[in-house]
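Subject: Structure handover

Hello,

Here is the structure I promised to pass on to you. Please have a look at it first, and then read my notes below.

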Amino acid sequence: MGFGKYDPQQVEDKWQERWTESRCFEVEADASRPKYYVLEMFPYPSGKIHMGHVRNYSIGDVVARYKRMRGFNVLHPMGWDAFGLPAENAAIKNKTHPAAWTYSNIADMRTQLKRLGYSYDWRREIATCRPEYYKWEQQFFLQMLEKGLAYRKNSPVNWCENCNTVLANEQVEEGKCWRCDGEVEQKQLEQWFFKITAYAEELIDDLKLLEGGWPERVITMQQNWIGKSVGAQLTFQVKNSDTTIEVFTTRPDTLCGATFMSLAAEHPLVEKLIKGYGKADEVRAFCREVANMDRIKRGAEDLEKEGVFTGAYCVNPLTGRDMPIHVANFVLMGYGTGAVMAVPAHDQRDFEFAKKYDLPMQVVIQPKGETLDLSAMTAAYVDPGVLVNSGQFDGLPNDQAKQAIVEHLAATGLGKPTVNYRLRDWGVSRQRFWGAPIPVVHCDACGVVPVPLDQLPVRLPEDAQVRDDGRSPLPLLESFVNTTCPKCGGAAKRETDTFDTFMESSWYFLRYTSARSIDAPFDADALKYWTPVDQYIGGIEHAILHLLYSRFFVKALRDLGYTDQAEPFKHLLTQGMVLKDGAKMSKSKGNVVDPNSMIGRYGADATRLFILFASPPEKDLEWSDAGIEGAYRFLGRIWRLAEELSEAGALKPIGPVAPLSELGGELSGPAKDLRRKEHDTVRKVTRDMENKFQFNTVIAALMELVNEIYALKDGLKGTPQGDGMLSSALSTVLTLLSPVAPHLCEELWGCMGHKEHLATMPWPDFEESALVQDEIELVLQVNGKVRGRLMVPADADQEAVRQVAMTHENVLRHLEGKSIKKLIVVPGKLVNVVAS
């Protein structure tokens, strides 16, 4: 009886239901088994999955299924990064509530993901907007507050008027909001911060633990973002004032060449310095203009240097020289102290600034054997040399002078060695509604008071009506704002800022280990068993923000006693983008491919197969309609092969790489050839799965094995050994392909008579003895040109090979009239006859 036409939807619906009924992907911690925790970065519930999602989650699912078959106890969960501006903005646009919008989208996306057959343990599903989730991050915040890792201060912030909220520095891209692409301006606001800088040294040192497990590119991006610099902090006295300016520098050896001071536009001393100055308004205008510039552009080397004099001077602590103080557009408040001692002869930015504004220069480092002439210099001298014009330090190599000068200043209280980081503390306050409430109250008598732990969660009122202008309704919602002070019992008001949504994604991977825990954020034993995540998968766009915050969070939770881990993710795979017509898919470009339509037309297995075959996972993938059609045809070819063998009575419930004893003893001819190809395919596929998950070459090897079965089947059908060998080879195809195309493989596995789910079967092992060839093919050459091919016994010695080669008809014809000079044998590859 035939199988009928391959109907992906029917097969896929059937097996998704059976997997759910059998609960075969549900797992618990089991100390007797090795664990493997594979996780894809969880999605924002936009309502529709896109091809980037399909690629990300298909990669993760293949890894999960493969590791499960290798004997690991596999944790593979899914959830929703559900808070944030997109849901709030969409709710405003669609005249609904963010909660209703979000939960509806989650339901739609869950259905879409289930259609793809992913092996998730859905019992562990989380949504970060649920109180039972954010209750625990409110608890973490309060414990960090008590430990000094959370604090509140007035701070210049990046403000997006369109989104009506503050943005972290990392969320500002070329002066625009990462979310809406609107202009970003600077505002002064009271903000909550996490003291991520307290972990700067550990964050950079522990990158060594990730070498070999994370892409080098991502490690480098993290190093650069943290930005460790070793140098000195120097103190400059403002002239005729008791005010001092603190400066961080990596070049204390050039201090005697410091001829002016440059401040960031946001420096808190600017207003004090310009008090009474006739051009104070001009300075203020310049500061406002610079503060709203893109920070990346301000730090760029090719930025045109601009500045304005403040009317004030400071004193060089080593030379006593008066140094005019300027505000400069290239100085950033976010690095060092926001003040730069300008050494124009030895720093290119300072050189350009000094030339533009005719400021003094002083050479203090000379290259050995040369004398620098200031009037002839066209650029700053930044290379090593010997100190000059530096008083008692003249003649010292500049590297030695660094330490000597800092020690001298330390003795007078004007300097000290220090380490500086580019990394700034993480601002976590957001002035929008759809986020987790910050659990503190403001009391006129007691100040800022933490909400007691037993009163958590502070619930976001889901009956609040979002405003058309995007501003949070919380400050005007009396039922939320008005409360009592936990400390004195008097009237108090709740904090109306909500947490940055990166907060939720910084610890969700830990919650999965015990997602239904009610009395604690984690079950201690489950957390210890499952963490760290063994394989994390997501886009390179998260290389800084999400990964850095997650690393900080794990270290902070370790110090709060929750975990013994120092790093969250052991291995990281950053998959490439899915492109169409050479560009990233987007609605505006009209090049979006809808996964649902592809699944409806070709099935989930074909969609998964194509997206895994078209490119190695870390490379960008070019969408191809012909490619997915080819994937569908390949699956149909396997279906028809199984149907043909079944109709011929050749299909037996024999497992993959069946032992010779199960096949009736020693094999010969086509049966032996097919067995060799079968075992060699297992070898190749296992190697490529283990070696950075090269799924494209895995699938290519399986295509070759299918071709071999087709080529040999007619000569094998109808004999016990032949039927057994064909059944073994088809079982091997289905087993090895099942992580990629699980539905079709499960269906055909059952059609072969196997009783167990293929998803629960072990991964096959190849036998070295099965790879041994009786004969090998040699290429025959005459003077380096191919003249034929020859089959010889695999164990033939070189003399025997020479003799057989010299009997080949075509070789002899090309040797007519020539004298043989040399006969070269490359064992196992070729014979080359050199003649003239």
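Which helices and strands each supply at least two residues of the lining of the largest cavity? They are α3 (85-93), β6 (165-167) and β25 (498-499). Helices (H or I, at least four residues) and strands (E, at least two) are DSSP runs numbered from the N terminus.

Before going further, please note that this is a predicted model, in which local features need pLDDT of at least 70 and side-chain atom pairs count only at pLDDT 80 or more, while totals for chains, interfaces and linings use all residues. Residues are numbered from 1 along each chain as its sequence is written, and side-chain values use heavy atoms, with hydrogens and water left out.

**Cavities**

The structure has four cavities of 30 Å³ or more. On a 1 Å grid over the protein atoms alone, a cavity is a set of points where a 1.4 Å probe fits but cannot get out, whereas a pocket is an open set with protein on both sides within 12 Å along at least five of seven lines; lining residues have an atom within 4 Å of a point. Grid points are joined across faces, edges and corners, and a volume is the space filled by probe spheres set on the points.

The largest cavity holds about 160 Å³ of space. It is lined by 17 residues, and G84, L85, R430, D500 and T501 are the closest to its centre. The top contributor to this lining is β6, with three residues. Sorted by class, the lining has six nonpolar, six polar and five charged residues (Ala, Val, Leu, Ile, Met, Phe, Trp, Tyr, Cys and Pro count as nonpolar, Asp, Glu, Lys and Arg as charged, and the others, Gly among them, as polar).

**A pocket**

The second largest pocket has a volume of about 600 Å³. Its lining counts 21 residues, with G212, G213, Q535, L572 and K692 nearest the centre. At least two lining residues each come from α7 (216-226), β26 (533-539) and β27 (569-575), and β27 gives the most, with five. Seven of the lining residues are nonpolar, six polar and eight charged.

**Cysteines**

How many disulfides are there? With a disulfide taken as a pair of cysteine sulfur atoms within 2.5 Å, the count is zero. For C485, the nearest cysteine sulfur is that of C443, 3.8 Å away. C485 counts as buried because its relative accessibility is 2%, where buried means under 20% relative accessible area (1.4 Å probe, protein chains only).

Best wishes

Note on methods:
Buried < 20%, exposed > 50% of the residue type's maximum accessible area, 1.4 Å probe, protein only.
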